[in-house]
Amino acid sequence: MNGHKVEIVNLQDKNNGLYTCQAITTQGNVLTANFTLNVTSCPPNHHGSRCEKICNCLHGSDCDRWDGCVCLEGWRGYRCEDPCKPGTYGLKCESSCVCKNGAYCSPSDGTCNCTAGWKGTTCSEPCEKGKFGHNCQSDCTCKNNATCHHVDGTCTCIPPWSGTKCDIIKESDLQVAILISVSIAMGFLAFVGILACKKKCKLFDMHKPLPEEEYAVCELRRMEEDLADKLRPGWLERWQIDSSQLTLGDMIGMGAFGLVTQASLALPTGQRTVAAKMIRFNDKLCYQDFYRETAILTVIHEEKGYNPRKSNIIQLFGFNITSNPKCLILEYASEGNLLNFLRQKKNKLHYLLYFAIDITQALGHLKDLRISHRDVAARNVLITEQNIAKLGDFGLARDVYNTAQYIPVNHQGQERRLPLKWMAIESLLHLQFSCESDLWSFGVLLWEIVTGGTDPMYGNTPQPTCQQLVEILQQGIRLDMPAECPPDLYVIMTSCWSEDPTARPNPEEIRENLIREQEKLNPHQVFIERETVV
Ligand code: AMP
């Protein structure tokens, strides 16, 4: 049988259809073959001039017969696997974001999710007077005509007022006020008849203007009692640094209670650049934070076999508490805090995961010491010159076995300190803090890393109250998977957010999973252990 060729010139849609081919064999048998000609579409998931390529499109995109994957707004790449680069959005990521002041720009439609203290479509307007925080939803609580910062609501007092809310008058300015307050406090103590409480400072009203030194001594005594099984006697002398050894320099940061400056420390080996952390206001909350951090860092650094080169906890050089300003002297982390670092969007995710891996080391270390940090968040992670992440700000940290003593006090100052959106469900419900609740916060820290330092948000409630947040979490709602997040990394995050604290992985397991994830993201580079060069 000779083959015949049928040629259709100038192939068009109208030529589509069923074609039947018949041939008669020499024996007279008729052979029939059918085939469908389709010049306009390929089989599902195929494209190319001969439909020879496979699409496997991601993120809801369609497979076009000629063009392959046609990405939805916010996505790019051959299979639409990549979100738009930071600063771009929309179809083919061709539009430029206009969000200001560190706002998150939605890759799909370019809408701006402002950081705390800013509003407007481009987040360029500060909150109106009297408001602060995320979406400008918080009311300022500054008293006595103080000005309120639009980002974090901190108050700048007008003399003679001082304190976090500018509702305290300094002792030197108004002796009479102190006498009245002290007599009220004494009367109160006598009334409840618990003289022992005076020793532990528990019933002192946070807003009564007790003299600065009295606060300090009181807080110090409390820390020693709480950490009695861990702090070896003589710790204050062992770590005391004389003020003549220290030269303070420029301010480099300000937290809720601490004020941090660069400083130069004279050591037998020469001058060393350090960070000096001082209290921000002469009030009880600041002293609480200051001495808690001093005592906890001492416990960590006096642990047998402790090696600061291998540790991912900010190094303590010592402290000066015998003269003013009292300060903690810490290793200087030249790259500042992780939150600011993330918002600069300089590094790829696989690199940023190094920081998360570093912090799992720190959490493992704290777990061994039975200490919970209580405020694990990007803002409290510091980045050193060698780009090593170290956990800092131990102002909320406590011995997990002594937490029952800390009955929640319903003073506004104390409430304001609780980092709600980073807190585990049991911490929100019962103020239970543990190494497992730190793990929950670590999950939120991972989420911050993946989103480039976006403020965590549950659904459409940017700044939920404690009760709203508990309800959200009890419904099983968790932070969404960020657009740019590899699904397996999101699985790691959500494992930190198990309602049952014992079901959460331990820091070592998380570390191994993150190293695996990092290797998947960058298969050409193996994980390298790093240590601080002293
Ligand atoms: P903190 O009160 O510990 O949260 O510190 C407030 C800010 O000061 C941080 O967010 C950092 O930007 C900066 N800071 C704190 N400690 C250090 C340090 N050891 N080295 C460099 N910057 C620091």
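How far from a nitrogen atom of the ligand does a backbone N or O atom of Glu331 lie? The separation is 2.8 Å in this predicted model.

## Ligand site

The ligand is surrounded by 15 residues. Lys277, Glu331, Ala333, Asn337 and Asp393 are the closest. Glu331 brings a backbone N or O atom to 2.8 Å from a ligand nitrogen. Ala333 also uses its backbone: a polar atom there is 2.9 Å from a nitrogen atom of the ligand. Asn337 uses its side chain, where an N or O atom is 2.9 Å from an oxygen atom of the ligand.

How much of the ligand does the protein bury? Taken alone, the ligand exposes 480 Å², and the protein buries 90% of that. Two elements give two or more residues to the shell: strand S21 (246-254) and strand S23 (270-279). Strand S21 gives the most, with three residues.

## Glu331

Glu331 sits in strand S25, which covers residues 327-331. Is Glu331 buried or exposed? Its relative accessible area is 6%. The cut-off for buried is under 20%, so Glu331 counts as buried.

The side chain of Glu331 has a polar partner too. It makes a polar contact with the side chain of Lys390, at 3.3 Å. On the backbone side, an N or O atom of Glu331 lies 2.8 Å from a ligand nitrogen.

## Nonpolar cores

The largest nonpolar core holds 86 residues. Which members touch the most others? They are Ile300, Leu338, Phe394, Phe442, Leu445, Trp497 and Leu514. Domain 2 (174-232) and domain 3 (337-534) each supply at least three residues to this core.

Phe442 is one of the residues of the 86-residue core that touch the most other members. Beyond its neighbours within four places in sequence, Phe442 is in contact with Ala356, Ile359, Thr360, Leu363 and Val376, and also with Cys496, Ile510 and Leu514. Leu514 is itself among the core members with the most touches.

## Two residues and their surroundings

Ala295 belongs to helix H5, residues 284-301. Its relative accessible area is 0%, so Ala295 is buried. Which residues is Ala295 in contact with, leaving aside neighbours within four places in sequence? They are Met223, Leu227, Leu231 and Trp235. Leu227 is 68 residues away from Ala295 along the chain, yet their C-alpha atoms are separated by 7.9 Å.

Tyr104 is found in strand S11, residues 104-105. At 24% relative accessibility, Tyr104 counts as partly exposed. The reason is that 24% falls between the cut-offs of 20% and 50%. Setting aside neighbours within four places in sequence, Tyr104 is in contact with Cys99, Thr111, Cys112 and Asn113, and also with Thr451, Thr454 and Glu484. The C-alpha atoms of Tyr104 and Pro86 are separated by 8.9 Å, with the two residues 18 apart along the chain.

## Backbone exceptions

Most residues other than glycine have a negative phi. Asn145 has a positive phi of about 60° although it is not a glycine. Cys166 also has a positive phi of about 60°, and it is not a glycine either.

Where do these two residues sit? Asn145 is in the loop between strand S16 (138-139) and strand S17 (147-148). Cys166 is in the loop between strand S19 (161-162) and strand S20 (168-169). Asn145 is exposed, with a relative accessible area of 69%. Cys166, at 0% relative accessibility, is buried.

## The whole chain

How many helices and strands does the protein chain contain? There are 13 helices and 29 strands. The chain has 534 residues, and 46% of them are buried.

The protein chain exposes about 27,400 Å². Carbon and sulfur atoms supply 54% of that area. Take the contacts between residues at least 6 apart in sequence: 52% of these join residues at least 24 apart.

Definitions and conventions
Residues numbered from 1 in each chain as written. Predicted model: local features only at pLDDT ≥ 70, side-chain atom pairs only at ≥ 80, totals over all residues. Heavy atoms only, no water. Core = buried A, V, L, I, M, F, W, Y, C linked by side-chain atoms within 4.5 Å. Buried < 20%, exposed > 50% of the residue type's maximum accessible area, 1.4 Å probe, protein only. Domains from an automatic or database assignment. Contact = heavy atoms within 4.5 Å. Near = heavy atom within 4 Å. Polar contact = N/O pair within 3.5 Å; in protein donor to acceptor, adjacent residues only side chain to side chain. Areas by Shrake-Rupley, 256 points an atom, 1.4 Å probe, with all protein chains shown as cover. Helix = DSSP H or I, 4+ residues; strand = E, 2+ residues; numbered from the N terminus.
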